[in-house]
Amino acid sequence: MKIDEKARYTRSHEWVRQEGTLWTYGITDHAQESLSDIVYVELPGVGEPFKQGAALGALESVKAASDLLMPVSGTVREVNEDVASSPEVINSDPFNQGWLLKFEPENPGDWETLLSPADYEALCASEGE
Amino acid sequence: MRLEPEPLIFEMSSPGRRAYTLPELDVPAAALPEGYTREEVNLPEVSELEFVRHYTHLSQKNYSIDTHFYPLGSCTMKYNPRVNEKAATIEGLTQVHPLQPQETVQGSLELMYNLQEALKEISGFAGVSLQPAAGAHGEFTGVLMMRAYHASRGDTKRTKMLIPDSAHGTNPATSAMSGFSVVQIPSDRRGNVDLEALRRECDDSVVGLMLTNPNTLGLFEEHVLEVCEAVHACGGLMYGDGANLNALLGVARPGDLGFDVMHFNLHKTFTTPHGGGGPGSGPVGAGPRLLPFLPGPVVVQEEGQYRLQAPEQSIGRLKAFYGNYGMFLRAYTYIRMMGPDGLRQVAEDAVLNANYLKALVTPYFSLAIDRSCMHEFVVHGDIPAAGVRALDVSKRLIDYGVHPPTNYFPLIVHDALMIEPTETESKEMLEQFAEIMRQIAEEAGRDPELLRSAPHVTPVFRLDEVRAARNPVLCYKG
Amino acid sequence: MAYLPATHENRRAMLEKIGAPSVEALFSDVPSAYRFPPLKLPKAVSEMEILDELYGLALKNKSTGCFATFLGAGAYNHFVPSAIPALTSRGEFLTAYTPYQPEVSQGTLQAIFEYQSMAAELTGMEVVNASHYDGATAMAEAALMAINVSNGKRHKVLVAPSIHPQYRQVLRTYLPGRQAQVIGDEDPSASLEDLLARLDGDTACLIVQNPTFFGDLLPVEGLAERVHAAGALLVVVAVPVISLGLLVPPGRYGADIVVAEGQPLGAGLNFGGPYLGIFATRDSYVRKMPGRLVGETVDTEGRRGFVLTLTTREQHIRREKATSNICTNQGLVALTAAMYMAYMGKAGLRAVAELCYHKAHYAAAEISQLAGYRVLNPGNFFNEFVVACPRPVAEINAALLEKGILGGYDLEQDYPQARNQMLVCLTEMNSRQQIDRLVAALKTLAEVKP
């Protein structure tokens, strides 16, 4: 399982990276692996606000669909158009090319509510048991 | 099974070729409506022989009940009697317009009335409407009736539908379509509804509970009376999913057990053919409380005359006209051919066959829940030591000329294989199937790749479903 | 017992293997107070006897074969070529389940792919699903889809009063679970212009039938543009579907969803079912579409094959978030429709549509010359038209019946203001001689004082 040391994580297997005032968001290597081949991505429109925990879109494989959850409250500022046409990059490169969207957090202090890389690894290990 | 690739009908087309004949125009031609007419409809052009061969060849690429053992769990793939098909083609009963004056369709209405009465007697309900066209349509009907019942009492705070985790996906989908939220109730270790968990959810926001009994593990709900009582005690209603009614014919009547409403699957229990995906027929039975809400029209009888009538507080129509009538002809024929003793024998033999097959198969594949089963049972279809999944076992069964059981359902069992032999299979067929399962288990140890690459005897091998979903091609583009 | 292969000896041996003392013991989980209720049903009969009973019931009916039939209104009396039932009744099609195992279902899958392709061509749309229960339920699902396309933010379904009354009833039955309301048909004389004036930011879709329930051809120029300008979808009910052999299909004038009743495509009348809900839309909406879809792909050897695809929309995966609860559909009737379209082909479908059109116009011209009768359609029509009669339609129909004529639909049943108005339907099955008989009978009935 790959992990990005610069990112923070959610219990629902998404990652967030701070890049200036915007935070970049995607799903983890662990998540892409358990979903298997992703065939479709449903992303929100730019400018849409979401509360923490709200479903902002979904990923689909052939036999499963998984909601994408907003890690902290904020407003979508940019979506990755490339993943819509080539969802396979989420499988091959979830932390970089496979990013899903950038949002502006309502409260940048919420960063501290997210899991550290070590805590996330521990979570995955415990779920694997 | 036919292995040669069959071209698409479009690829067989030759300009100017035709199969059809029509009478000549015998009235003066009218001017066509200017500005309203289209360019030609680009349909294929083939001769009748090409047409017949094309569809005959396609048919030969299917497994079916008529050609192969088909132990597809919860689908009740029993023999579909030929006389049913004859019944459904009797001209006097089928070449009938749904809006003809009712005095000219007394035969059809009498048959529908008789079928309603038979289904009432079999299920213990006070009334039956034949309108719904399939099981999920029947579920939708039943849930809308529950909604209407609560609304008629001004009881509008009920928004929560309770659904066991072993339920078919149509149950939650139906609840959502009806505007209700879904609360999943876990199963206990014996595969029953977890009574404690159920009681915790029972409050005045409960619309009702949707229960499949026997459930999708093939098990009779041991606490069915307690479940009904708990739901009724909080003002909720009991929905019965009749998908597995085959096991209960003459054995128990859901209406007697406390269910308020239930759908039948004429295409499972009552031998109307599945047709490669439909048409089905999903009549709904209702107990006294929900009777006035049945969808209309239903057939009533007065002084030997039959007529169509909407129940007083009917939720309305679920489809145009009266339901999948062609299926009524088949199901009625079957019920008359079997009679009351025959129907009970059906349930007994279905359950006996399932338990016998379970005994034969469990040395090689472990049971999800070790209990005496009803009409079907669920095993774990994987062989972890060999790195073989239930899907691989399923696909290998195809090589032996058997249609795979239902796999990966119910969701609460990992690598589930749900096996329903039905009563119309012989003891010898069951033994043959068990022997095939033994051989496959043995092959898994010796040569797991043989299973992972199966099937090997079909016109196509495993198909690239990822490609189909990523770049959908849903239509011939020429 | 019919169809049951188990012998007494078989049952005894099976019980022994299971280790159960009796068959009854297998049912010990069933509460004993309710176990083995006697069923008060007529005793079993033989095949010979049940067929006798069914033939007896058939004698209590008068089938369309006994009449010259002029009744349509949503179910149409068309000719079914013999090759079609001969093939749909093959056991390999008839007794297969939904094609979840594609390797052993290529026959059904390819046939449904061909159905989707031909129905898309017929409606002028881009994608067609593997079917709904009938035209009415397809229309209700179209409304639900339109609400979903708006992400539940639009709540009004605007319907024309000239849509089949039963279709509108089914729509109203389907909607209580959504916070949505059906409007537009309160005034039965509301025009298309009146409806368009009601479009607003809360309208999910406008639904029109074309040809209308009264047979009229709808003026569609600019219609879709106006609906889209309000951010709503245009849903067209293409009933009767044979009209699409002749008329501009809804896909060409901007419809977002097209639904139709596929019964005329080889399915026969069958007293109202099983019929076929045709459901078509645009590629951009495919993820919001209900129902099964078959797609083309390749196998591990690179060979073309077909699978059920985009299944994450469906109930068995999405459960409460599915686009619809539909599971079993009308597969065999979709196969029948595919066969009908392939059999009739490019020229045949057009020929049937033209026969319907010409015969209807001949009949309308003849009837409109009768004293006391008037054809009310304001402009052009396809194969159905409305006749104002000098007496109640029920009386006329009763008299026609005695002359072996099944008259048209009595519109007053659904439209109280349509007193003495009959919806007359013509198909290729009506010979000139039948039409002349109808005209003569109507003439006599106008002369007889009630």
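Leaving aside neighbours within four places in sequence, which residues is Gly179(B) in contact with? Gly179(B) is in contact with Arg147(B) and Gly177(C), where contact means heavy atoms within 4.5 Å.

Before going on, here is how to read what follows. This is a predicted model, in which local features need pLDDT of at least 70 and side-chain atom pairs count only at pLDDT 80 or more, while totals for chains, interfaces and linings use all residues. Residues are numbered from 1 along each chain as its sequence is written, chains are lettered from A and ligands numbered from 1 in the order in which they are written, and side-chain values use heavy atoms, with hydrogens and water left out.

Back to Gly179(B). You will find Gly179(B) in the loop between helix 6 (170-177) and strand 3 (181-185) of chain B. Helices (H or I, at least four residues) and strands (E, at least two) are DSSP runs, numbered from the N terminus. With a relative accessible area of 36%, Gly179(B) is partly exposed. Buried means under 20% relative accessible area, exposed over 50%, and partly exposed in between (1.4 Å probe, protein chains only). In sequence, Gly179(B) and Leu144(B) are 35 residues apart, and in space they are 9.5 Å apart, C-alpha to C-alpha.

Staying in chain B, look for some backbone details. Most residues other than glycine have a negative phi, and most peptide bonds are trans. Now look at Asn213(B) and Pro214(B): a cis peptide bond joins them, with omega about -5°. Pro214(B) sits in the loop between strand 4 (206-212) and helix 8 (224-233) of chain B. Another cis peptide bond joins Gly278(B) and Pro279(B), where omega is about 0°. Here Pro279(B) belongs to the loop between strand 6 (261-264) and strand 7 (284-286) of chain B. As for phi, Thr76(B) has a positive value near 50° and is a residue other than glycine. Its place is in the loop between helix 1 (48-59) and helix 2 (82-87) of chain B, and at 1% relative accessibility Thr76(B) counts as buried.

Next, follow helix 10 (residues 325-361) of chain B from end to end. Helix 10 of chain B has 37 residues, yet its end C-alpha atoms are only 40 Å apart, short of the 54 Å that a straight helix would reach at 1.5 Å a residue. The expected span of a helix is 1.5 Å times one less than its number of residues. Where does this helix have a kink? A kink of about 95° lies at Gly339(B), shortly before the proline Pro340(B). The bend at a residue is the angle between axes fitted to the seven residues ending there and the seven starting there. Helix 10 of chain B is also mostly covered, with 34 of its 37 residues buried.

Turn now to chain C, which has 13 helices and 15 strands. Its C-alpha trace spans about 85 × 55 × 50 Å along its principal axes. Of the 450 residues in chain C, 69% are buried. Among contacts in chain C with a separation of 6 or more, 71% come from residues 24 or more positions apart.

Chain C has a helix to follow too. Helix 11 of chain C has 38 residues, but its end C-alpha atoms are only 42 Å apart, short of the 56 Å that a straight helix would reach at 1.5 Å a residue. A kink of about 100° in helix 11 of chain C is centred on Gly345(C). In this helix, 31 of the 38 residues are buried, so it is largely enclosed by the rest of the structure. Arg319(C) lies in the loop between helix 10 (315-318) and helix 11 (331-368) of chain C. Although it is not a glycine, Arg319(C) has a positive phi of about 50°, and its relative accessible area of 10% makes it buried.

Finally, visit chain A, where Lys102(A) lies in strand 9 (residues 101-105). Is Lys102(A) buried or exposed? Lys102(A) is buried, with a relative accessible area of 19%. Beyond its neighbours within four places in sequence, Lys102(A) is in contact with several residues, including Glu19(A), Trp23(A) and Arg77(A).
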